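Welcome, and thanks for taking a look at this one with me.

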Amino acid sequence: MSLAKILWVDDEIQNLKPHMLFLERKEYVVTPCTNGADAIQMVTEDNYDIIFLDENMPGLSGLETLSQIKAKLPNLPVIMITKSEEEYIMEEAIGSKIADYLIKPVNPNQILLSLKKNLDTSRLVSEKTTSNYQQEFRQIAMDLAMVNSYEDWIDVYRKLVHWEIQLESITDPGMTDILVSQKNEANSQFFKYIKKNYQNWFEGNDQPILSHTLFKEVIAPEISKDQSTLLIVIDNLRYDQLRVLEPVIYESYKPKEEVSFFSILPTATQYARNAIFSGLMPLEMEKKHPKYWKNDTEEGGKNLYENEFLTAQIKRLKLNIKHEYYKISSMAQGKDLAANFGKTKDNDLTVIVYNFVDMLSHSRTEMEMIKELASDDKAYRSLTLSWFKNSPLLEIIQKAQQMDMKLIITTDHGTINTKRPSRVIGDKNISSNLRYKTGKSLSFNDKEVYEVKNPKDVYLPSINVSSSFIFAKEDYFFAYPNNFNHYVKYYKNTYQHGGVSLEEMIIPCVILDPK
């Protein structure tokens, strides 16, 4: 590792000789400078890692020197050192994006701490994170060997996501590879758990909160006449994506409660999101609301009646509330709602379905640029965060905070980056989704799917008498034998949903209070 080079600028530099000797013993290279003009010249002639800059100097002041250095080298960290504690000097320095601010007299350990904070943070965080994950790896491995309930699976998945995000900041790709391997093992075990227990959930056996019970069990109790509630359903938002959005959300809101629930199968919008709004399983929707429900092979949009489903559920639950529903599928719609959001102030419940993440994940299979921008989960999270920071949705959340609205954010299902093809054959009416299929005469590899021969067992409708459902496990996606190689190349490494994975099924619902 090369030695860090420091430029120390102070008109009384001779008095700082003990500090410089201290740093040299710590293997830093320190170059002294007595004035701002020379410092500006020196940073253009040599490469320094960091600058210590005295604020009170004759000629160019520290602030003037700082301004000129930043104009030339905006990313060069500068630590301002001053005798003055006047607030305006601090504000000026901080406004110029200094790396740190120290008040004289400084002691050697203060200097060393500031250096480590600015030069060694990445290395120190990487080493500490790696060490912590190595310890946690063994615990997660033990958890996977013993997991036997849906609560256990929620805990395991949360731990994996936590470490996945933590390991983004380290420089050791080996640790990330180990986590990916552990996550793959977890998904393999999770698939076995779902295959064994999913049908039992509908027979009253230890059922978690599911899509169709979320509103009744979690959301409805939060609705009050005393405070308006904003419910945002961001389509296709995974647990890890919400985690990276939270710091931005927390600028306006503080967390009150978080619930992890399970998406029903198929983990697809027409099934899972309709279930949230109706409070019913798909088979029940088909029977009670035949004019609103459409099966896979029917023509027309599959999520056109969410507000009607929600209105019926509110009536069934005997909630005496005023509500409004909005679906946002474009930037223009989002901007329009943000501009006119004040008109929702008299609602007890305002519901917004925001489709952007779903559009992003699907467009990824169509647009090479998006495919490159979201090449893996880390990039996918980063792209989601970049969108959110610049979206009308953030403006809506900020306005909701100003209107003292309670905020609930959730989704209908997640997605998984599909890697492996699984051959499937069916008749011409087979459904088109890449992670689940429904139809008759399905031919498939039974080791790669969860098959439900009788859809009614899991409260799913049948297209015809002999229809069944199959759900892809782990990171598989279904491909037809015809033109197989072209199909696989086109869809491999794309984000899909509909099947069985931790990413698709375990999803968050967070309840927040305005700051």
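Predicted model: local features only at pLDDT ≥ 70, side-chain atom pairs only at ≥ 80, totals over all residues.

## Ground rules

Helices (H or I, at least four residues) and strands (E, at least two) are DSSP runs, numbered from the N terminus.

Residues are numbered from 1 along each chain as its sequence is written, and side-chain values use heavy atoms, with hydrogens and water left out.

Let us start with a sheet. Strands of a sheet pair through backbone hydrogen bonds, either parallel or antiparallel. Here, six strands form an open sheet with mixed pairing, in the order S7-S19-S10-S6-S9-S8. At its edges are strand S7 (253–262) and strand S8 (323–328), each of which pairs on one side only. From one strand to the next, the twist averages 15 degrees. Two strands count as paired if DSSP finds at least two bridges between them.

S7 pairs with strand S19 (residues 506–514) in the antiparallel sense, over nine bridges. To see one of these pairings, look at Ser260, whose bridge partner in S19 is Pro508. Helix H7 (residues 150–166) lies across S7 and S19 and runs at about 125 degrees to S7; axes here are lines fitted to C-alpha atoms, for helices over the stretch in contact, and angles run from 0 to 180 degrees between N-to-C directions.

How many residues of strand S6 (residues 229–234) are buried? Six of its six are buried, where buried means under 20% relative accessible area, exposed over 50% and partly exposed in between (1.4 Å probe, protein chains only). Both faces are covered, with Thr229, Leu231 and Val233 on one side and Leu230, Ile232 and Ile234 on the other.

S6 runs parallel to strand S9 (residues 349–354), joined to S9 by six bridges, and Leu231 stands opposite Val351 in S9. S6 also runs parallel to strand S10 (residues 406–410), here with five bridges; Ile232 has Ile409 of S10 as its bridge partner.

## Another parallel pair

Strand S12 (residues 420–425) and S17 run parallel and are joined by four bridges. Within that pairing, the bridge partner of Ser422 is Phe478 in S17. Side chains of strand S17 (residues 476–479) point two ways: Tyr476 and Phe478 go one way, Phe477 and Ala479 the other, and all are buried.

## Helices in contact

Two packed helices are described by the angle between their axes and the distance between the axes. For helix H9 (residues 211–219) and helix H11 (residues 269–278), the axes come within 6 Å and cross at roughly 25 degrees. H9 and H11 are therefore roughly parallel to each other, given that angles under 35 degrees count as roughly parallel, over 145 as roughly antiparallel, 65 to 115 as roughly perpendicular and the rest as oblique. Ser211, His212, Leu214 and Phe215 of H9 make the contact with Ala272, Ala275 and Ile276 of H11, contact meaning heavy atoms within 4.5 Å. These residues divide into five nonpolar, two polar and no charged. In this scheme Ala, Val, Leu, Ile, Met, Phe, Trp, Tyr, Cys and Pro count as nonpolar, Asp, Glu, Lys and Arg as charged, and the others, Gly among them, as polar.

H11 also packs with helix H13 (residues 306–316), at an angle of about 35 degrees and with the axes 7 Å apart. On the H11 side, the contact is made by Arg273, Asn274, Ile276, Phe277 and Ser278, and on the H13 side by Glu306, Phe309, Leu310, Gln313 and Arg316.

## Two buried isoleucines

Is Ile170 buried or exposed? Ile170 counts as buried because its relative accessibility is 10%. Ile170 and Thr130 are 40 residues apart in sequence, with 7.5 Å between their C-alpha atoms.

Ile81 lies in strand S4 (residues 78–82) and counts as buried at 4% relative accessibility. Leaving aside neighbours within four places in sequence, Ile81 is in contact with residues including Trp8, Phe52, Leu102 and Ile111.
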